[in-house]
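The sequence and the structure are shown first, and the description follows.

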Amino acid sequence: MKTAEVQVTIYYPGDLVTEGYRVDNGHVILKFHALNSSEELKMKHETFKVRCFFCNLDLENATILIDGVPLKPTCKDYIMSFDDGKEGTGMYYIASPYNLSEIAEIWIPKGYSFGGLKFENNTLVILVSPGDGETVKIVRSEVIAEHREGLKRGLVKVIYTDGSRSWEGRVHRFGERECPVIIEAQ
């Protein structure tokens with residue numbers, strides 16, 4: 001029996017529940033169901049321990065099904081070892097029904113809430129206001145897509161501001177493919 005760990009993060013406009021997986025001729029299909037739809041993007045992360053008898057698992061080309069509609073992940077990378085420390089085969093996928101180059105995962109400092117984004121003077125400005133809010137805000141924005149390469153290469157400065165003070169942010173990237181950017185305050 002072959003076993004692989006498959007992790008997936010989906011940025012979706014609404015809540016998702018996991019329905020499991022199936023293997024069809026070595027092709028891995030990860031199944032989800034949408035509970036509702038929303039204007040706000042939400043993040044769903046799931047880990048699958050995929051088992052297959054007498055077949056070769058094709059982890060390079062997994063499909064994600066949401067209510068029967070397929071998504072092909074554009075962002076992926078190998079998992080070098082499992083959480084339990086054992087060596088193994090695995091893959092990590094990031095997918096969305098939207099273009100992932102428009103998506104940013106913005107980590108909001110404790111004691112603040114997200115207010116918006118703007119771009120000025122080669123700087124991505126993340127507007128925050130005092131008050132407890134989400135720890136992570138998933139944003140889909142043309143501003144992110146337009147300046148994605150500059151953000152990934154460190155050519156675009158990132159700052160957080162609450163109007164009275166500002167502090168720098170930094171960008172983490174995942175892979176060279178079409179992937180979201182992750183921004184956090186320093």
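Asn122 is placed in the loop between β10 (112-120) and β11 (123-130). Its phi is positive, at about 60°, although Asn122 is not a glycine. In general, most residues other than glycine have a negative phi.

Asp67 also has a positive phi, near 50°, and is a residue other than glycine. The loop between β5 (58-66) and β6 (69-71) holds Asp67. With 43% relative accessibility, Asp67 counts as partly exposed.

## Basis of the model

The model is predicted, with local features requiring pLDDT of at least 70 and side-chain atom pairs counted only at pLDDT 80 or more, while totals for chains, interfaces and linings use all residues. Residues are numbered from 1 along each chain as its sequence is written, and side-chain values use heavy atoms, with hydrogens and water left out.

## The chain as a whole

The secondary structure of the chain consists of 2 helices and 15 strands. The C-alpha trace spans about 60 × 35 × 30 Å along its principal axes.

Of the 186 residues in the chain, 46% are buried. The chain exposes about 10,000 Å², and carbon and sulfur atoms supply 47% of this area, as computed by the Shrake-Rupley method with a 1.4 Å probe. Among contacts (heavy atoms within 4.5 Å) with a separation of 6 or more, 64% involve residues 24 or more positions apart. There are 22 positive and 27 negative side chains, and the centres of the two sets lie 3 Å apart. In this count Lys and Arg are positive and Asp and Glu are negative, while His and the chain ends are not counted; the place of each charge is NZ of Lys, CZ of Arg, CG of Asp or CD of Glu.

## Aromatic rings

A pair of aromatic rings is described by the distance of the centres and the angle of the planes. The whole structure contains 4 aromatic pairs. Rings of Phe, Tyr and Trp (its six-membered ring) pair if their centres lie within 6.5 Å; planes under 30 degrees apart are stacked, over 60 edge-to-face, and the rest tilted. The rings of Phe32 and Phe48 have centres 6.0 Å apart and planes at 85°, so this pair is edge-to-face. Phe32 belongs to strand β3 (residues 27-34) and Phe48 to strand β4 (residues 42-52), so their pairing ties together parts that are 16 residues apart in sequence. Both Phe32 and Phe48 are buried. By contrast, Tyr160 and Trp167 form a stacked pair, 6.1 Å from centre to centre and with 5° between the planes.

Tyr160 and Trp167 are both buried. Ring pairs also link Tyr21, Phe32 and Phe48 into a cluster. At another ring, that of Tyr98, the charged end of Arg140 sits over the ring, 3.7 Å from its centre; this requires NZ of Lys or CZ of Arg within 6 Å of the ring centre and within 35 degrees of the ring normal.

Thr161 is located in strand β13 (residues 157-161) and is buried, with a relative accessible area of 13%. Not counting residues up to four places away in sequence, Thr161 touches Val125, Ile126, Leu127, Val128 and Ser166. Thr161 and Leu127 are 34 residues apart in sequence, with their C-alpha atoms 5.3 Å apart in space.

Glu60 is found in strand β5 and is partly exposed, with a relative accessible area of 31%. Leaving out residues up to four places away in sequence, Glu60 touches Lys76, Tyr78, Met91 and Tyr93. Ala145 lies in helix α1 (residues 142-146) and, at 30% relative accessibility, counts as partly exposed. Apart from neighbours within four places in sequence, Ala145 is in contact with Ser101 and Glu102. From Ala145 to Val50 the C-alpha distance is 34 Å, and 95 residues separate them in sequence.

Definitions and conventions. Helix = DSSP H or I, 4+ residues; strand = E, 2+ residues; numbered from the N terminus. Buried < 20%, exposed > 50% of the residue type's maximum accessible area, 1.4 Å probe, protein only.
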